[in-house]
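A brisk report is wanted.

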Amino acid sequence: MPTLRPVTPPAPSTSPAEVRPAPVHPASGDAPQPGAAARGQPADPQKFKMMVGPSAIDGQGAFAGEPIPARRKIGEMRGEFVDMAEARARARAAEKASGRIFMVAISDKRAVDATASTDPLRFANHSCQPNMVLKVQQGRVAFYALRDIDAGEELTARYGETHHAGRLTCRCGAPGCQGRL
């Protein structure tokens with residue numbers, strides 16, 4: 001198994017609600033495909049434009065900045081790799097401090113803490129009828145579209161088992177909502 005290393009997040013945009021435009025290649029003036037990177041630079045893990053803004057579900061949410069076709073990779077959530085004991089301690093502290101936890105377990109021994117990340121998908125809220133699925137692949141937290149997603153639509157995923165153990169009320173508002181997380 002490869003060694004997992006923390007990923008340094010990119011510099012924050014000027015406004016958290018701003019759609020991140022694709023950089024323009026200086027030689028051609030053409031905008032590269034989303035996720036493309038200049039030679040020697042890591043690729044942007046976000047495959048589609050996204051924005052962060054107030055959510056009707058809870059706090060901030062991630063929103064599609066352009067239409068996203070079904071079954072396509074939307075992007076990734078990056079962060080610091082920590083062991084599960086540290087992840088649990090950070091989750092407890094974050095819940096007390098802000099009520100917001102940006103962490104995903106990637107195995108029974110490790111988790112990704114996206115608290116300091118600038119990736120918009122860290123704001124993906126839970127829904128009982130989500131439009132994307134979260135997949136852990138080779139230590140990466142990736143999101144894929146379950147159906148066609150319209151520009152401006154909030155990006156949601158089913159959280160699955162959480163540390164809340166059924167104590168948190170679900171606010172997704174979807175028909176057939178399970179009611180608790």
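## Model and confidence

This is a predicted model, in which local features need pLDDT of at least 70, side-chain atom pairs count only at pLDDT 80 or more, and totals for chains, interfaces and linings use all residues. Residues are numbered from 1 along each chain as its sequence is written, and side-chain values use heavy atoms, with hydrogens and water left out.

pLDDT is the predictor's confidence in each residue, from 0 to 100. The protein averages 79. A score of at least 70 is reached by 73% of the residues. Residues 1-16 fall below 50. Beyond near neighbours in sequence, that stretch has 20 contacts in the model; a contact means heavy atoms within 4.5 Å. Residues 18-31 also stay under 50. For them the model has 21 contacts beyond four places in sequence.

## Overall fold

The protein has one helix and ten strands. These are DSSP runs, numbered from the N terminus: helices are H or I with at least four residues, strands are E with at least two. From the N terminus the order is β-β-β-β-α-β-β-β-β-β-β.

Take the contacts in the protein with a separation of 6 or more: 64% of them join residues 24 or more positions apart. Of the 181 residues, 35% count as buried. Buried means under 20% relative accessible area, exposed over 50%, and partly exposed in between, with a 1.4 Å probe and protein chains only.

## Strand pairing

β1 and β2 form a hairpin with five residues between them. Gly-59 in the turn has a positive phi of about 55 degrees. The two strands pair in the antiparallel sense over five bridges; pairing requires at least two DSSP bridges between strands. Pro-54 stands opposite Gln-60 in β2. In β2, four of the five residues are buried.

Three strands form an open antiparallel sheet in the order β3-β9-β8. β3 and β8 (132-137) are the edge strands, each pairing on one side only. Neighbouring strands here are turned by 30 degrees against each other on average, direction ignored. The axes are lines fitted to C-alpha atoms, for helices over the stretch in contact, with angles from 0 to 180 degrees between N-to-C directions. β8 and β9 pair over six bridges.

## Nonpolar cores

A nonpolar core is a set of buried Ala, Val, Leu, Ile, Met, Phe, Trp, Tyr and Cys residues joined through side-chain atoms within 4.5 Å. The largest one has 24 residues. Ile-68, Ile-74, Met-132, Phe-143 and Leu-155 touch the most other members. β1 (50-54), β2 (60-64), β3 (73-77) and β9 (140-145) each supply at least two residues. β9 gives the most, with three.

Which residues does Ile-68 touch, not counting those up to four places away in sequence? They are Phe-48, Ile-74, Ala-145, Arg-147, Asp-148, Ile-149 and Leu-155. A second, separate core has five residues, including Cys-170, Cys-172, Ala-174 and Leu-181.

## A buried glutamine

Gln-46 lies in the segment before β1. Why does Gln-46 count as buried? Because its relative accessibility is 2%.

The side chain of Gln-46 has a polar atom 2.9 Å from the backbone oxygen of Glu-76. A polar contact of 3.2 Å also joins the side chains of Gln-46 and Asp-119. Such a contact is a pair of N or O atoms within 3.5 Å; within protein, one must be able to donate a hydrogen and the other to accept it, and residues adjacent in sequence count only if both atoms are side-chain atoms.
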